[in-house]
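Dear colleague,

I am passing on the structure below, together with some notes on what turned up in it. Please read them with the model open beside you.

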Amino acid sequence: IGTVKILQPLDEGTVKVHDKVMIAASDVHSDQQVWIVDQYEGDSKWFPQGPCDKVSDGLYNCNPQIGDTSTSKGTHFSLFAEVIMSSSAAAYQPVYASGYESLHPPVTPVNVSVTITLIRI
């Protein structure tokens with residue numbers, strides 16, 4: 001089983017609405033994708049942001065939307081990366097804008113990173 005880890009930004013780091021997220025993911029097969037999923041602090045819903053672009057073998061780049069232009073500075077977000085089967089990515093389409101409850105994810109990931117906390121600036 002491979003690993004997936006968010007390299008940048010660092011845990012407890014700052015982020016803008018659109019900031020690049022770098023992910024290291026090993027053992028990602030051609031029928032799999034790397035995604036970012038984020039959550040406003042205090043919200044029960046998670047919002048899929050992906051798929052990420054492969055930069056090189058084992059390195060991925062995402063440009064997620066962290067909140068929106070009305071999000072207050074200092075708002076905390078949780079963020080994790082995951083590897084999913086490409087065939088299940090379509091299940092995220094209906095929940096891009098509305099999010100999904102953490103107890104009822106529409107996709108079962110192959111692998112998940114540690115969740116980090118980010119602060120909007």
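A disulfide is taken here as a pair of cysteine sulfur atoms within 2.5 Å. This is a predicted model, in which local features need pLDDT of at least 70 and side-chain atom pairs count only at pLDDT 80 or more, while totals for chains, interfaces and linings use all residues. Residues are numbered from 1 along each chain as its sequence is written, and side-chain values use heavy atoms, with hydrogens and water left out.

The structure contains 1 disulfide, formed by Cys52 and Cys62 with their sulfur atoms 1.5 Å apart, and the link is left-handed, with -80° about the S-S bond. Cys52 sits in the loop between strand S5 (45-49) and strand S6 (53-56) and Cys62 in strand S7 (residues 59-62), so the pair ties together parts that are 10 residues apart in sequence. Cys52 counts as buried at 12% relative accessibility, and Cys62 is buried as well, at 3%, where buried means under 20% relative accessible area (exposed is over 50%, partly exposed in between; 1.4 Å probe, protein chains only).

As for the chain, it has 0 helices and 11 strands, these being DSSP runs numbered from the N terminus (helices H or I, at least four residues; strands E, at least two). Of its 121 residues, 40% count as buried, and the C-alpha trace spans about 40 × 25 × 20 Å along its principal axes. With contact meaning heavy atoms within 4.5 Å, residues 24 or more positions apart account for 72% of the contacts in the chain with a separation of 6 or more.
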